[in-house]
Amino acid sequence: MPRFSIPRFLDDFTGRISRLFGSGQLMLSVLAMGIGVITGGGVIVFRETINFMQTTFFGGSEGSLFE
Amino acid sequence: MPWWQIILVPTLGGAVIGIASKYLMPDGRPQGVADVIEASALRGGHLSGLVALKAAVINAASIGFGASVGREGPAVHFGAALGSWLAQALGQTRSVSRTLLGCGAAAAVAASFNAPIAGALFASEVVIGHYALSAFAPIVIASVSATAVSRYYFGDYPAFLIPEHTIQSLWEYPAFIGLGIVAGFTAMAFMKGIMTANNLSQKIPAPDWLKPVMGGLMIGIIAVWFPHILGVGYGTTESAVMVACPLGMLVAILLAKIAATAISVGFGFGGGVFSPSLVIGAMLGGAYGTLFTQLFPALSTGTGAYSILGMGAVTAAVLGAPISTALIIFEMTGDYALTLALMVAVVIASLITREFHGGSFFSWQLERRGHDLRDGFEMALLRNIAVKSILSTAGERVTLGVGLPEIRKMLQKSEVGELFVIDAGGALFGTITLADLSDFAFDPVLDHLLTASDVARRHPPVLVSDDNLETALSVMRESGEFCIGVVKTGNTPTFLGSVRQGRVMDVYNRTLVESQREERGWRND
């Protein structure tokens with residue numbers, strides 16, 4: 001079973017890092033984070049809009065609608 | 001609240017939704033998760049960002065006006081369109097575009113349910129169709145980011161705060177299996193209800209914008225007696241999970257919710273079926289649990305537990321997503337002890353629905369648009385490639401009057417050993433192969449007596465130009481022929497050219513390789 005060794009770990013270390021940057025996975029991850037943040041915000045706006053409309057038209061939202 | 005207001009709001013809201021859909025949406029209907037799956041499977045992950053924004057407004061307004069629909073489907077559509085728009089703006093490949101589309105869908109589910117694991121698995125299971133690390137890593141990041149934003153605003157609480165359950169006995173598992181069976185048939189009744197309402201609305205001789213008005217009126221009338229059906233319905237679901245509804249009320253709301261959601265979706269309101277499925281499942285599970293607890297009080301974990309199991313089983317069957325639904329329910333309730341029972345009920349309900357109904361709600365919506373994704377995305381791609389796109393129009397056609405010597409020469413030169421005989425009007429008269437010529441092929445005495453019209457085989461297998469590659473492969477397999485003539489769609493079978501098996505298989509292979517590349521994260525460029 002191969003053992004961990006520092007020289008082997010450092011072998012072509014910068015090459016590996018540059019391949020990681022060049023592979024597109026890093027860019028994809030950054031884009032994914034942006035999509036997550038904006039979509040999360042969108043879900044909040046969506047829910048609050050619905051709550052506002054239901055409160056305006058029915059006097060309550062979600063669980064309180066039928067009470 | 002006065003009864004007339006309960007009727008008036010959804011009715012007038014229906015007019016707003018009908019007019020907005022007519023003027024703002026490309027095909028006059030609100031969009032949802034089925035459009036995301038279609039974009040992922042068939043359109044290289046392309047969704048219009050502008051249309052998604054308009055759809056989000058129409059969907060939010062629909063729920064605000066009291067339509068009995070869910071808010072998660074519209075959120076998935078919005079998130080997916082955002083991902084798709086980014087990919088298009090940056091000029092990314094089909095593979096990246098689909099991944100970012102999945103990121104948006106995962107983020108929407110994660111933020112809606114405070115369920116990051118379920119969000120990531122929903123996008124992989126339903127939208128992308130695979131779990132390869134190349135797509136899964138960004139999907140997880142999107143899911144976690146969206147959950148962080150949602151928790152920052154709403155706080156980190158499960159959707160339902162329920163007491164923890166402990167399964168009383170192994171003898172209770174047959175009851176969970178029974179619930180799965182009942183849930184499967186309930187899910188089918190729910191989907192059938194939506195189909196019936198949709199067919200009914202299409203048969204009504206009225207302008208499309210007026211149909212949500214009719215739907216709104218019916219929803220309002222139901223809501224006078226059962227206001228529980230208005231909107232998303234989390235409050236109603238919670239009351240079932242907390243065992244706050246008597247048996248009669250559970251059954252009544254179950255039926256009312258099925259009717260109200262079928263009318264809402266069938267008559268053109270915007271919104272999803274996620275939350276309605278949860279409500280229906282919770283009512284069904286509650287009713288089942290109440291009966292089981294009355295019959296076997298010593299064996300029952302409790303009515304609330306059955307409501308949770310019902311929620312998962314019906315929703316998984318409707319969405320066609322057993323893995324992610326089981327996780328959504330787990331993350332919504334935080335009840336780990338019920339997970340085994342949940343998996344049993346979810347799997348049984350999904351199997352029943354698949355066997356008797358053939359697919360999920362989304363697959364039904366896509367089938368209505370002419371897309372069948374049941375055999376996987378690769379086969380769906382083949383179904384969406386028309387034979388006219390790989391048509392060979394070069395040579396190998398003869399007119400009716402051509403003599404045998406000329407036919408022999410042409411057959412010798414023909415790459416596929418088949419000639420297409422065309423009449424004066426350009427229609428396909430028949431085909432000639434060496435096998436068809438067997439009696440006359442080497443008899444020069446008949447050379448001046450026979451023409452193409454005499455030796456042609458009438459009514460050969462043909463394809464019409466709008467047929468897809470799956471049909472082409474099927475016709476080739478059944479007829480045993482490698483080259484099939486293609487005629488124009490319509491009354492006159494005008495000959496357009498031919499399709500060869502080698503070309504079809506080439507396209508099929510390329511589709512398979514592309515799909516594998518994407519799944520394994522190989523680079524396309």
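Hi everyone, one definition before we start: two residues are in contact if their C-beta atoms, placed from the backbone, lie within 7 Å. Residues are numbered from 1 along each chain as its sequence is written, while chains are lettered from A and ligands numbered from 1 in the order in which they are written. What you see is a predicted model, in which local features need pLDDT of at least 70 and side-chain atom pairs count only at pLDDT 80 or more, whereas totals for chains, interfaces and linings use all residues.

Let's begin with confidence. The complex gets an ipTM of 0.77 and a pTM of 0.79 from the predictor. In pLDDT (the predictor's confidence in each residue, from 0 to 100), chain B averages 86, and 95% of its residues score at least 70. Helices here are DSSP runs of H or I with at least four residues, and strands are E runs of at least two, numbered from the N terminus. Within chain B, helix α8 (residues 173-203) has the highest mean at 94, and helix α17 (residues 377-383) the lowest at 69. Where pLDDT is low, the predicted coordinates should not be read in detail.

Now, the domains. An automatic or database domain assignment gives the bounds: domain 1 (3-154), domain 2 (170-381) and domain 3 (384-511) of chain B. The C-alpha centres of domain 1 and domain 2 of chain B are 20 Å apart, and 49 residues of domain 1 touch 49 residues of domain 2. On the domain 1 side, α1(B) gives the most, with 14 residues. That side has 28 nonpolar, 15 polar and six charged residues, where Ala, Val, Leu, Ile, Met, Phe, Trp, Tyr, Cys and Pro count as nonpolar, Asp, Glu, Lys and Arg as charged, and the others, Gly among them, as polar.

On to the partner chain. Chain B brings 46 residues to the contact and chain A brings 30. On the chain B side, α7(B) gives the most, with twelve residues, and the classes there are 30 nonpolar, 14 polar and two charged.

Finally, a helix pair I like. α10(B) and helix α12 (residues 274-295) of chain B pack at about 25°, with axes 9 Å apart; axes are lines fitted to C-alpha atoms, for helices over the stretch in contact, and angles run from 0 to 180 degrees between N-to-C directions. So α10(B) is roughly parallel to α12(B), as angles under 35 degrees count as roughly parallel, over 145 as roughly antiparallel, 65 to 115 as roughly perpendicular and the rest as oblique. Among the residues that meet are B:Tyr234 and B:Ala240 in α10(B), and B:Leu278 and B:Gly286 in α12(B). Thanks, everyone!
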